[in-house]
Amino acid sequence: MSFMTGGEMESADDRADHVLAKRQSVAFRSVWRRPLAVVGLLIVAGWVLAAVLAPWIAQYGPLQQTADIYAPPSADHWFGTDQLGRDVFSRVIHGSRITLPLAVMLVALASVVGSLLGGIAGYLSGVVDEVIMRFADLVFAFPAIILAMAVAAALGPSLRNAVLAVVVVAWPIYARVMRSLVLSAREMEYVLASRLTGASSREALFSEILPNVAGPITVLAMLELGNATLWLAGLSFLGLGAQPPHPEWGAMVASGALAFNRWWVGLFPGLAILSAVLAFNFIGDSFRDTLDPRITRAIR
Amino acid sequence: MNELLSVRGLRIRMPGPHGPMTIVDGVDFDVSSGEVLGIAGESGSGKTMTVLALLGLIPPNAVVTGTATFGGRDLLSLDRRQLQQVRGREVGVVFQDPMTTLHPMVSIERQLTEHMRRHLDLGRRVARVRAISLLEEVRIPNARRAIEAHPHQFSGGMRQRIVIAMALACEPKLLIADEPTTALDVTVQAGILRLLDQIRRDRGMAVILVTHDLGVMSSLANRLAVFYAGRVVEMGPVKPLLQDPQHPYTKNLLMALPHPQQRGQPLQPIPGTAATPDARPPGCAFHPRCQYAEESCSIKVPSLMPVSDTRLSACPVAPFAGRALLGVEG
Amino acid sequence: MIGQFDVTNGEVALRARDVVVEYKRKHMPSVRALAGMSLDVLRGQVHGLVGESGCGKSTLGRAATGLVEVTSGSIDFEGKTVEPLGLRPRPRHFRRLQMIFQNAHASLNPRRTVGDQLADALLRSHDTPPPDRDRRISVALERVGLPEAASKRYPSDFSGGQRQRICVARSLVAEPTVIIADEPISALDASAQAQISNLLAELARDLGIGILFISHDLAIVRQVADVVTVMYLGKVVESASTDQLWSRPLHPYSEALIAAAPAHDGLGTLPEALAGDIPDPAVPPTGCRFHPRCKHAFEICPVEEPALLDVGEGRRCACWLHTEAHRAGGDGPQAPGGSSGGLVS
């Protein structure tokens with residue numbers, strides 16, 4: 001044994017105990033203990049409240065014009081007014097009723113369509129797989145926003161078409177992930193066992209495979225919410241989504257860009273977009289890390 | 001006896017889902033030059049973590065205490081750079097899967113000579129000659145051609161031989177082999193066991209052999225340390241230990257294995273399931289499964305005590321155990 | 001005694017005849033995982049199937065259950081030929097041929113309770129009324145030594161050995177006449193290995209189920225199997241009762257396999273090594289597949305492949321050393337004093 005006095009030996013073991021205790025408290029924290037997740041949830045909760053209580057929070061109507069054009073932030077207009085004298089704060093609050101629900105709807109649609117296609121491709125393989133995956137590759141070949149622009153422009157500028165455009169751009173990632181999850185699940189012995197007791201392929205896919213792939217897909221959808229918000233706002237910014245006078249955040253940033261020296265017109269909607277995207281990303285990351293870091297990190 | 005490696009009080013703990021877990025709970029053992037120490041145990045017994053700790057390869061959130069004295073230094077307190085010096089140069093390692101050691105894209109020559117050249121400061125040509133002779137030592141046919149090839153061109157058994165050659169490259173004093181033949185077919189395993197035996201004799205190396213397979217232990221090991229739930233429960237020369245086990249776990253384990261004489265009769269499993277690190281029973285970890293357990297077994301952790309002049313056992317109550325030479329009370 | 005051969009049980013339940021399973025590969029020669037092999041599994045018997053990597057033993061198991069397509073030859077289960085599994089449900093007749101896999105972890109759906117998974121066979125047969133279902137599940141669990149309460153739990157609550165027992169229970173619910181156990185114990189600890197092996201032997205003895213026990217662990221096979229078939233590189237090289245095989249192995253590969261397993265007797269004997277490597281199944285040696293590694297190989301061995309012949313006492317062997325026709329001195333050179341084989345019946 002090494003030459004150590006009682007006092008020294010104790011401190012080596014104590015130090016080890018201390019280090020272990022610290023690592024223990026970090027390692028198995030539940031999702032609620034992760035600071036970023038909490039921040040993200042608070043922000044989202046805040047926006048949900050804003051959306052629900054908009055008519056009561058906002059002093060003015062979102063389309064209400066006043067004579068006070070391009071007024072800087074003041075006690076009367078917390079975020080100032082825009083080129084038509086509309087209160088920016090009210091418009092930002094009402095904007096949450098557009099961007100956020102649409103982003104969620106968009107992700108839901110894209111994930112369902114994408115997962116379905118990807119699942120079928122993964123399970124059936126062969127020609128079906130090839131065809132579906134080539135369509136996915138086609139979409140991947142384009143930069144997302146460019147393709148979305150093209151589709152939105154082709155369909156005609158409107159909020160509804162912007163949503164469709166983003167769905168077209170967003171579904172392939174779900175298809176690809178789902179396909180690879182199904183490919184590996186398909187070979188699992190519990191799937192084979194269920195086939196041996198007389199399950200058809202379809203039964204095996206729905207009762208055995210699907211429950212096991214729902215988790216990773218949900219995490220992916222959460223991570224994609226941030227992207228969906230950005231793309232939607234981006235299309236509106238370019239004039240291909242929400243049309244004036246809707247208080248959609250992206251469109252508001254666009255009008256802010258036309259009047260740079262009136263910094264308040266574009267900044268606040270921009271910050272709103274930023275906060276929403278960050279919040280979705282924080283939440284998504286934390287869920288990913290809690291559920292199964294190894295599997296889900298491989299997804300992105 | 002030269003003790004090449006002396007491990008005292010090795011404890012490895014890690015964060016776990018229900019609180020910190022103790023993977024290895026105060027393990028002591030020695031290895032002398034020229035001897036093969038077998039570390040036997042099933043999965044979850046802590047045997048692999050023990051040797052990983054010696055090599056500095058435990059997971060980053062594990063906490064290690066204790067000492068492992070090797071060549072005058074404590075392996076457990078070396079920093080990364082010092083460990084790199086020891087690993088490869090003084091301690092060679094063979095793991096279960098050769099493809100975790102061999103780089104699939106690099107030629108055999110480069111893999112063999114790379115750390116030879118770094119540790120021993122050899123020129124390229126000298127290193128190459130040594131590499132060829134190492135491949136011949138591990139019985140790779142056509143060593144001169146083999147050296148230009150890549151791992152995927154070899155079978156599993158051949159790759160493991162190459163890994164052994166790499167482990168020997170810098171003439172280490174100690175070889176650590178963790179389940180070196182578990183992934184191999186039995187006829188290929190036989191060849192590797194013979195090779196390891198030969199090499200050990202030729203070079204006078206010490207070997208730590210970690211495996212769950214008592215047949216492999218029986219062929220190669222001189223002394224055996226049996227691990228259960230992170231502790232050593234029995235230790236001694238291999239032949240008397242396997243033929244006359246003193247600890248109930250060892251005894252039960254041997255009874256559960258098939259025996260040629262018992263053809264046609266049922267095998268004898270051990271009741272219960274193996275203790276896992278996050279749910280270790282109090283007192284003696286084996287007591288819930290032990291047919292000789294008494295009340296004291298669930299209270300106090302028995303320490304490893306001599307039961308003869310060469311055998312240690314951590315069971316004070318087994319009625320079948322001899323308490324011969326030292327007059328130790330049972 | 002386990003595995004005592006019961007005459008009333010002895011009907012052939014699973015018959016493989018000249019089975020070839022070939023995989024095509026892009027830009028490379030195709031590989032024959034099975035190159036023409038035959039065996040019978042009888043009711044009430046534990047039939048050990050042993051061999052090393054590339055011998056095809058697992059492929060046979062999968063071909064017999066339709067998970068892999070047979071290229072030529074046939075596998076019949078209770079008289080009907082097995083067809084590969086497509087999108088449709090497996091035909092009822094074949095559901096009495098069940099399988100247990102090596103990976104007990106992946107053999108159970110982590111998101112469904114044990115009870116639900118056991119009930120699958122009952123639901124899909126459509127003929128079990130709900131009250132009976134629970135009873136049959138309990139009976140199956142009891143048979144494998146697990147409590148009824150296990151059916152409400154999830155697989156992650158159980159150890160590897162327990163999970164494997166659940167898999168056995170699942171196959172029992174389907175009332176099988178044959179269970180193919182593909183390396184059922186390799187991933188388990190020694191005690192669980194003993195339990196599962198005992199369990200399978202009991203099922204053969206008590207329920208008259210034919211067990212095809214596929215394993216690379218010769219010691220366990222020796223203890224629980226009644227008959228053993230040895231395979232090498234896609235073909236059967238020898239088949240005999242367990243006692244016969246161990247007391248007097250005929251084929252040089254069987255001999256080598258037995259001699260290569262180390263014993264845990266503490267005597268320090270090193271096991272016998274076998275020269276050479278297992279060849280690439282895509283490019284098997286000419287003539288007898290084992291000849292490059294065989295101590296006793298002589299002139300005919302690299303030239304012509306020996307057939308699997310009856311060599312008496314119910315044994316079969318595919319080796320020129322034990323071929324009567326050759327020994328009669330007719331066609332070719334004599335064996336250089338090979339071991340005394342049996343007569344061809």
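Me: Two residues are in contact if their C-beta atoms, placed from the backbone, lie within 7 Å. What share of the contacts in chain C with a separation of 6 or more comes from residues 24 or more positions apart?
Reply: This is a predicted model, where local features need pLDDT of at least 70, side-chain atom pairs count only at pLDDT 80 or more, and totals for chains, interfaces and linings use all residues. Residues are numbered from 1 along each chain as its sequence is written, while chains are lettered from A and ligands numbered from 1 in the order in which they are written. For contacts in chain C with a separation of 6 or more, the share from residues 24 or more positions apart is 65%.

Me: How many helices and strands are there in chain C?
Reply: Helices (H or I, at least four residues) and strands (E, at least two) are DSSP runs, numbered from the N terminus. For chain C the count is nine helices and 12 strands.

Me: Which radius of gyration does chain C have?
Reply: The C-alpha trace of chain C spans about 70 × 50 × 45 Å along its principal axes. The radius of gyration is taken over C-alpha atoms, and the globule rule is 2.2 Å times the number of residues to the power 0.38. For 345 residues a compact globule would come out near 20 Å, so chain C agrees with its 21 Å.

Me: What percentage of the residues in chain C is buried?
Reply: A residue is buried if 20 or more other C-beta atoms lie within 10 Å of its own, exposed if 12 or fewer, and partly exposed in between; C-beta atoms are placed from the backbone. Leu42(C), in strand 2 (residues 28–42) of chain C, counts as buried because it has 22 C-beta neighbours inside 10 Å. Of the 345 residues in chain C, the buried part is 52%.

Me: In which order do the eight strands of the open sheet in chain C run?
Reply: Two strands pair if DSSP finds at least two bridges between them. The pairing in this open sheet is mixed, and the order is 6-7-8-3-9-10-12-11. Each edge strand pairs on one side only: these are strand 6 (97–100) and strand 11 (309–312) of chain C.

Me: Which residue in strand 7 of chain C stands opposite Met99(C)?
Reply: Strand 6 of chain C is covered on both faces, with Leu97(C) and Met99(C) buried on one side and Gln98(C) and Ile100(C) on the other. Strand 6 runs parallel to strand 7 (residues 178–182) of chain C, joined by four bridges. Opposite Met99(C) stands Ile180(C).

Me: Which helix of chain C gives the most to the side that touches chain B?
Reply: Here 39 residues of chain C are in contact with 37 residues of chain B. Helix 5 (190–207), helix 6 (218–224) and helix 8 (252–260) of chain C each give two or more residues to that side. The most, six residues, comes from helix 5 of chain C.

Me: Which helix gives the most to the side of chain C that touches chain A?
Reply: This contact takes 23 residues from chain C and 16 residues from chain A. On the chain C side, strand 6 and helix 2 (114–125) give two or more residues. The most, three residues, comes from helix 2 of chain C.

Me: What is the bridge partner of Ile176(B) in strand 8 of chain B?
Reply: Six of the six residues of strand 8 (residues 206–211) of chain B are buried, so the rest of the structure largely encloses this strand. Strand 3 (residues 36–40) of chain B runs parallel to strand 8, with five bridges. Strand 7 (residues 174–178) of chain B is also parallel to strand 8, again with five bridges. In strand 8, the partner of Ile176(B) is Ile208(B).

Me: Which residue follows helix 1 of chain B?
Reply: Eight of the nine residues of helix 1 (residues 47–55) of chain B are buried, so the helix is largely enclosed by the rest of the structure. The buried residues include Lys47(B) and Met49(B). With a positive phi near 70°, the residue that follows is Gly56(B).
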